[in-house]
Amino acid sequence: MTQTSPTGTTGRHTAPVPPSARQAGAAPWPALTVVLVGAFMAVLDTFIVLVAAPAIQADLHSSPADVQLILAGYQLTYALALITGARLGDRYGRKRLFLTGMALFTLASVGCALAPGSGTLIAARLVQGLGAAGMFPQVFAVIQVLIPEAERPKAFGALGAVIGIATMSGQLVGGLLIAADLFGSSWRPVFWVNVPVGVVTLLLAGRFVPESRAPRARRLDLPGAVVLTVALSLLVVPLVEGRAYGWPLWAWLGLAASVPAFAVFGLVERRVGARGGAPLVRLRLFGERPFAVGMTLVVLTYAGINSFFLILSLTLQDGLGLDALGAGLVYTPLAVAFFGASLTAGRLARFGRRVLQLGALLGGVGFLGTLLLATRAGAALTAWELAPALVLVGAGNGLLVTPLLNAVLGNVGPEEVGMASGVLSTGQQIGGAVGVAVVGILYYGALGGAAHHAIGAYGQALAAAVALNVALSAAISALLPLLPDPAAARRA
């Protein structure tokens with residue numbers, strides 16, 4: 001029978017909770033609430049700018065390449081720096097890194113809002129991504145270090161709900177801000193909105209979030225950080241930029257080169273560990289089944305979520321002719337279902353893996369329903385006909401994502417929780433990028449040269465592309481039995 005340590009986690013990687021965390025443990029929820037605001041902002045800024053792209057291009061006279069970098073620059077630096085940001089939190093303090101990341105994110109938002117041209121805006125977006133990478137992994141660490149085991153599923157439920165709402169509300173919030181055209185400022189409130197929220201969050205974090213570090217944190221593994229950044233760049237840059245540039249040769253060469261680059265990273269990390277150092281990523285963690293299977297499921301899940309949002313947005317706006325605000329309203333049933341299911345999943349933790357299996361099933365049925373509706377409706381397809389299927393997709397992913405995050409980190413002790421959080425966050429980004437890249441090929445391949453608002457053609461493209469989501473749901477369902485069931489372990 002699995003033993004439970006004083007930290008409330010299970011498995012052999014557990015370690016005592018740092019004294020600072022224990023002292024704050026009597027009231028961990030204010031701290032969690034504050035860092036969840038940071039998580040919301042980091043995720044929201046990936047999506048809210050999509051709505052502002054046409055206004056930015058018109059106002060700044062940006063080229064298509066500039067617009068692509070304005071949109072993708074944030075995601076690139078965010079994905080590349082997550083693991084390093086997590087490790088810096090382990091060494092220098094998670095509260096310190098959260099505050100530093102939030103301050104950088106907020107200042108960069110000011111730079112974005114005041115940007116006089118495309119170059120300045122691109123640079124500010126890159127810095128924004130670095131700030132987000134500094135604060136986001138600390139959220140996972142705060143949950144693992146401060147929240148008692150019995151309450152942790154609820155905490156992950158709240159985090160899952162925040163991530164889902166931020167992901168799905170980006171178009172709605174951005175559409176509202178741009179439609180309001182506050183003080184004639186067009187797209188700039190999309191960035192200004194971050195500033196007061198960031199300042200208040202900094203003040204509250206300074207008061208309510210206790211400091212914690214990894215028990216045996218050592219200096220940063222600089223060789224590992226450099227090699228990992230190169231490897232991730234070779235993988236992520238082509239995935240994010242390749243579709244916009246028609247998948248040129250450099251994109252395929254980068255993807256191919258990422259394989260040996262990750263192999264070199266593995267060698268570097270083994271040598272650092274053999275010398276008694278602290279590797280950026282402890283590769284042996286991937287030998288533990290809960291973490292390895294959980295990370296695979298995270299990549300597949302986020303490949304499905306991000307890819308579906310892309311093809312749904314394209315269909316609603318380019319196909320059905322909705323504006324950004326109208327498309328955002330169509331997302332509302334999905335967002336409400338996701339939010340409710342995420343919070344419910346935390347209360348259903350006693351049912352263990354069955355909650356994840358139900359979530360995968362509901363999500364798969366929702367995707368299949370979308371496919372069948374888009375195929376049968378043809379040119380008569382309307383946005384609100386999709387609502388029942390979207391509710392199933394939202395509820396399914398809410399039940400799946402929340403306990404999955406807990407399953408990945410549940411057996412990781414305080415000395416490795418920062419690193420594991422960074423790996424988890426990076427897996428979310430890579431999964432999303434891979435899903436978007438693959439579904440883009442399917443969607444545009446099926447769409448061909450159809451004109452905007454050719455509803456029948458866009459409906460068929462949606463059906464062809466959402467087949468990927470159905471396949472991913474089936475793969476997730478097939479892999480879930482390999483994930484250890486905590487409910488069964490408690491009964492043993």
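Author: A quick definition to begin: helices here are DSSP runs of H or I with at least four residues, numbered from the N terminus. Also, this is a predicted model.

Reader: Ok, so where is Ser-186, going by those numbers?
Author: Ser-186 sits in the loop between helix 6 and helix 7, which covers 189-192. Its phi is positive, about 55°, although Ser-186 is not a glycine.

Reader: And how exposed is Ser-186?
Author: Ser-186 is partly exposed, with a relative accessible area of 24%.

Reader: What about His-61, what's its phi like?
Author: His-61 also isn't a glycine, and its phi is positive at about 55°. You'll find His-61 in the loop between helix 2 and helix 3.

Reader: Is His-61 buried or exposed?
Author: Exposed: the relative accessibility of His-61 is 69%, and the cut-off for exposed is over 50%.

Reader: Back to helix 6. How far apart are its end C-alpha atoms?
Author: They're 40 Å apart. Helix 6 runs over residues 152-180, so 29 residues at 1.5 Å a residue should span 42 Å, and the two values agree.

Reader: Where does helix 6 bend?
Author: At Ser-169, by about 50°. After helix 6 comes Asp-181, which has a positive phi near 45°.

Reader: How many residues of helix 6 are buried?
Author: 21 of the 29, so helix 6 is largely enclosed by the rest of the structure.

Reader: Switching topic: what volume does the largest pocket have?
Author: About 1400 Å³. It is lined by 46 residues, and the closest to its centre are Leu-50, Leu-71, Arg-243, Leu-310 and Val-436.

Reader: Which helices supply at least two residues of that pocket's lining?
Author: Helix 2 (29-60), helix 3 (64-92), helix 6, helix 9 (222-241), helix 11 (289-319) and helix 16 (417-447) each do. The largest share, 9 residues, comes from helix 11.

Reader: How do the lining residues of the largest pocket divide, nonpolar, polar or charged?
Author: There are 30 nonpolar, 14 polar and 2 charged residues in the lining of the largest pocket.

Reader: How many cavities of 30 Å³ or more are there?
Author: The structure holds 1 cavity of that size. About 90 Å³ of space lies in the largest cavity. Its lining has 16 residues, and Phe-367, Asn-397, Leu-400, Ser-473 and Ile-476 are the closest to its centre.

Reader: Which helix gives the most to the lining of the largest cavity?
Author: Helix 14, with 5 residues. Helix 14 (353-377) is among those giving at least two, along with helix 11, helix 15 (387-409) and helix 17 (455-479).

Reader: And the lining of the largest cavity by class, what's in it?
Author: It has 7 nonpolar, 9 polar and no charged residues.

Reader: Now Glu-241, is it buried or exposed?
Author: Buried: Glu-241 has a relative accessible area of 5%, and anything under 20% counts as buried. Glu-241 belongs to helix 9.

Reader: Which side chain does Glu-241 make a polar contact with?
Author: The side chain of Gln-68, at 3.1 Å.

Reader: Last one: where is Ala-257?
Author: Ala-257 is in helix 10, residues 249-274. Ala-257 is partly exposed, with a relative accessible area of 29%.

Note on methods:
Residues numbered from 1 in each chain as written. Predicted model: local features only at pLDDT ≥ 70, side-chain atom pairs only at ≥ 80, totals over all residues. Heavy atoms only, no water. Expected span 1.5 Å × (residues − 1). Bend = angle between axes of the 7 residues up to and from the residue. Buried < 20%, exposed > 50% of the residue type's maximum accessible area, 1.4 Å probe, protein only. 1 Å grid on protein atoms, 1.4 Å probe; cavity = no way out; pocket = protein on both sides within 12 Å on 5 of 7 lines; lining within 4 Å. Points joined across faces, edges and corners; volume = space filled by probe spheres on them. Nonpolar A, V, L, I, M, F, W, Y, C, P; charged D, E, K, R; others polar. Polar contact = N/O pair within 3.5 Å; in protein donor to acceptor, adjacent residues only side chain to side chain.
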